Amino acid sequence: MSDVPLQGLRVLLGVTGGIAAYKSADLVRRLRDAGADVRVVMTENATRFVGALTFQALSGHPVRTSLWDESAEAAMGHIELARWADLVLIAPASADVLAQLAAGRAEDLLGTLVLASKAPLAVAPAMNQQMWAHAAVQANLETLRQRGVRILGPASGSQACGDVGDGRLLEPAEIIEMLAAERGPRPFAGVRVLVSAGPTYEDIDPVRYIGNRSSGRMGFAVAAAAIEAGARVLLVAGPVDLPTPAGAARIDVRSARQMRDAIIGAAPEHDIFISAAAVGDYRPQSISPSKLKKSGQPLALELIQNPDILAEVSGLVGRPFLVGFAAETDDLEHQARDKLERKGLDMIAANRVSTTLGFERDENALLLLWAGGREELGQADKRSLARTLVDRIARRYAAGLAAP
Ligand code: CTP
C-alpha cells in the first residue's frame with residue numbers, strides 16, 4: 001500500500017459523544033498522514049469528551065460544533081461543507097447518532113450535513129456491548145446498511161466500562177486501511193463469494209468432542225478481503241471466537257455435516273467458493289447420549305468418514321469457481337497439486353504447518369497452485385496475505401470468465 005493511500009481525499013469527520021472520541025484525535029493525524037484533507041464536526045456531546053481545540057490543531061482547520069455559529073457559517077457555510085466532502089466518516093458513531101441517521105433527522109449540524117451531502121457515508125460504531133447487541137441498534141444499522149452506508153467494525157474486546165464484547169471503536173490504523181482498500185481496485189464488484197472458515201467439532205458425548213487447531217483467522221481475513229474487493233460474502237463458520245467481518249452474512253455451524261448442509265445449500269447462489277475451513281475428516285459413529293465413564297480398560301472410538309464438502313461442490317452442475325486450502329506437514333507442493341486435481345479445483349492455497357506457521361498463528365505463508373501455474377506468497381500477517389490471495393483469485397476467476 002502506498003504511503004499516501006488517501007491522497008487528496010476530502011474527509012468530513014463527524015465525532016460523536018463517547019469515550020472512544022479520544023481515538024479520533026489519532027484518526028485525524030493518520031488521515032492526514034495518509035494524504036487526506038480533514039474537516040472535523042463535533043456533536044455537542046463529543047465536546048464533553050475531547051476539546052475542539054485538539055481537533056483544530058490536528059486537522060489544521062477550525063472545528064464546527066453548531067449550526068448556529070455565524071462566523072463559521074460566514075467562512076464556509078454548512079451546505080458548502082457538505083458539498084466539499086468526498087467522504088463523510090463518523091467515528092466514533094454513538095448509538096444515538098445511528099438512530100438519528102436511520103431516521104434521517106437534521107436536528108444538529110452533523111445530521112444536517114449528512115442529509116445535505118452526496119458523498120458516501122461510513123460509520124465506525126463504538127458503544128457498550130449490551131447497547132450494541134440491542135435490537136433497536138441492530139435495526140438502525142440494518143437500515144443504514146441497506147441504504148449503502150459502510151459500517152466499519154466495531155471491534156471486540158475489553159471496554160472502557162469494564163465489559164468485554166463487541167462495540168469497541170476500530171483502531172484508527174484499521175479504519176485507514178479499510179478506507180484505502182475501498183479506493184483501490186474492486187475486482188469482485190457484483191461477485192458473490194462463499195467462504196468457509198474455522199474448525200469443525202464432532203461430538204463424542206455431551207461434554208467431549210473431536211476438533212482441530214484451526215482458529216478461523218485465515219478464512220475470516222479472506223472474507224474481509226473479499227468484501228474490500230467489492231464482493232457480497234457469505235461466511236460459513238465453524239466454532240470460532242471471532243467477530244463477523246463488517247458487511248458479511250454469517251452462518252454458524254459445529255459439525256462437518258452441518259457445514260456440508262450450509263455450503264451445499266448456498267453454493268448454487270455463489271460465483272466463487274473459498275474453502276478455508278479445516279473440516280474434520282472423521283466423526284464418531286455414534287454420539288453417546290450420556291457422558292462416557294472410565295472403566296479401567298482402553299477405550300476404542302469407532303470413527304467413520306465425513307463427507308468431503310469441496311469434492312461434493314466440485315461435482316455440482318454449474319459449480320462455483322473453487323479455491324481449496326491444504327495444510328500439510330510434508331511434501332507440500334506434491335500433496336497440494338494432488339488435491340487440486342483430485343477434487344477438481346480451480347486453485348489451491350497450500351501452507352506448511354509447523355510450530356511457527358499456520359494454525360493458531362497471526363502469520364502465514366502460502367503456495368498457490370493452479371493448472372499450469374504456481375506462485376509463492378511469502379510470510380506475512382494473515383490480513384495482508386488474504387488481500388493478496390483475493391487479488392490472485394480475482395485474476396484467475398476473471399481469466400476463466402474471459403476464456404471461451
Ligand atoms: N475439505 C472439505 N471437506 C472435508 C475435508 C476437507 O471440504 N471433509 C476441504 C478443506 O476445506 C480444504 C481442502 O478440502 O479446502 C483440503 O483439506 P485437507 O483436510 O487438507 O484435505 P483432505 O481432503 O482431508 O486430505 P487429507 O486428509 O488426505 O490430507
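**Overall view**

I noted at the outset that this is a predicted model. I looked up the extent of the C-alpha trace, which spans about 80 × 55 × 40 Å along its principal axes. For secondary structure I recorded 15 helices and 19 strands in the protein. I then looked up burial, and of the 404 residues of the protein, 50% count as buried.

**The ligand and its shell**

Which residues come nearest to the ligand? I found 13 residues around it, and the nearest of these are S275, A277, F325, K339 and K343. Going through the polar atoms, I noted that a polar backbone atom of S275 is 2.7 Å from an oxygen atom of the ligand, and that a polar backbone atom of F325 is 2.8 Å from an oxygen atom of the ligand. In the case of K339 the side chain is involved, with one of its polar atoms 2.7 Å from a ligand oxygen. I also looked up how much of the ligand is covered: taken alone the ligand exposes 560 Å², and the protein buries 79% of that.

I next asked what kind of space the ligand takes up, and found that this space is the second largest pocket. The elements that give two or more residues to the shell around the ligand are α13, residues 309–314, and β16, residues 321–328. Of the elements, β16 gives the most to this shell, with 3 residues. By residue class, I recorded the shell as 7 nonpolar, 2 polar and 4 charged residues.

I turned to N306, which I located in the loop between β15 and α13. Is N306 buried or exposed? N306 has a relative accessible area of 7%, so it counts as buried, the cut-off being under 20%. I then looked for partners of its side chain and found two polar contacts to write down. The side chain of N306 is joined to the side chain of E202 by a polar contact of 3.1 Å, and to the side chain of R283 by one of 2.7 Å.

Between I304 and R283 the sequence separation is 21 residues, while their C-alpha atoms are 5.5 Å apart in space. The relative accessible area of I304 is 27%, and I304 is therefore partly exposed, as this value falls between the 20% and 50% limits.

I found D261 in helix α12, which covers residues 256–266. D261 counts as partly exposed because its relative accessibility is 47%. Its side chain is joined to that of R260 by a polar contact of 2.7 Å. I also looked up the distance from D261 to I309, and although 48 residues separate the two in sequence, their C-alpha atoms are 8.9 Å apart.

S295 is in the loop between β14, residues 282–284, and β15, residues 303–305. With a relative accessible area of 57%, S295 is over the 50% cut-off and so counts as exposed. I noted that the side chain of S295 reaches the backbone nitrogen of Q297 at 3.3 Å. For S295 and T112, which are 183 residues apart along the chain, I recorded a C-alpha separation of 72 Å.

**Backbone details**

Where are the cis peptide bonds that I noted? One runs from A91 to P92, with omega near 0°, and P92 lies in strand β3, residues 87–93. Another runs from G153 to P154, with omega near 5°, and here P154 is in the loop between β5, residues 150–151, and β6, residues 155–158.

I placed D331 in the loop between β16 and α14, the latter covering residues 332–342. D331 counts as partly exposed because its relative accessibility is 49%.

Key:
Residues numbered from 1 in each chain as written. Predicted model: local features only at pLDDT ≥ 70, side-chain atom pairs only at ≥ 80, totals over all residues. Heavy atoms only, no water. Near = heavy atom within 4 Å. Polar contact = N/O pair within 3.5 Å; in protein donor to acceptor, adjacent residues only side chain to side chain. Areas by Shrake-Rupley, 256 points an atom, 1.4 Å probe, with all protein chains shown as cover. 1 Å grid on protein atoms, 1.4 Å probe; cavity = no way out; pocket = protein on both sides within 12 Å on 5 of 7 lines; lining within 4 Å. Sits in = over half its atoms within 2 Å of the grid points. Helix = DSSP H or I, 4+ residues; strand = E, 2+ residues; numbered from the N terminus. Nonpolar A, V, L, I, M, F, W, Y, C, P; charged D, E, K, R; others polar. Buried < 20%, exposed > 50% of the residue type's maximum accessible area, 1.4 Å probe, protein only.
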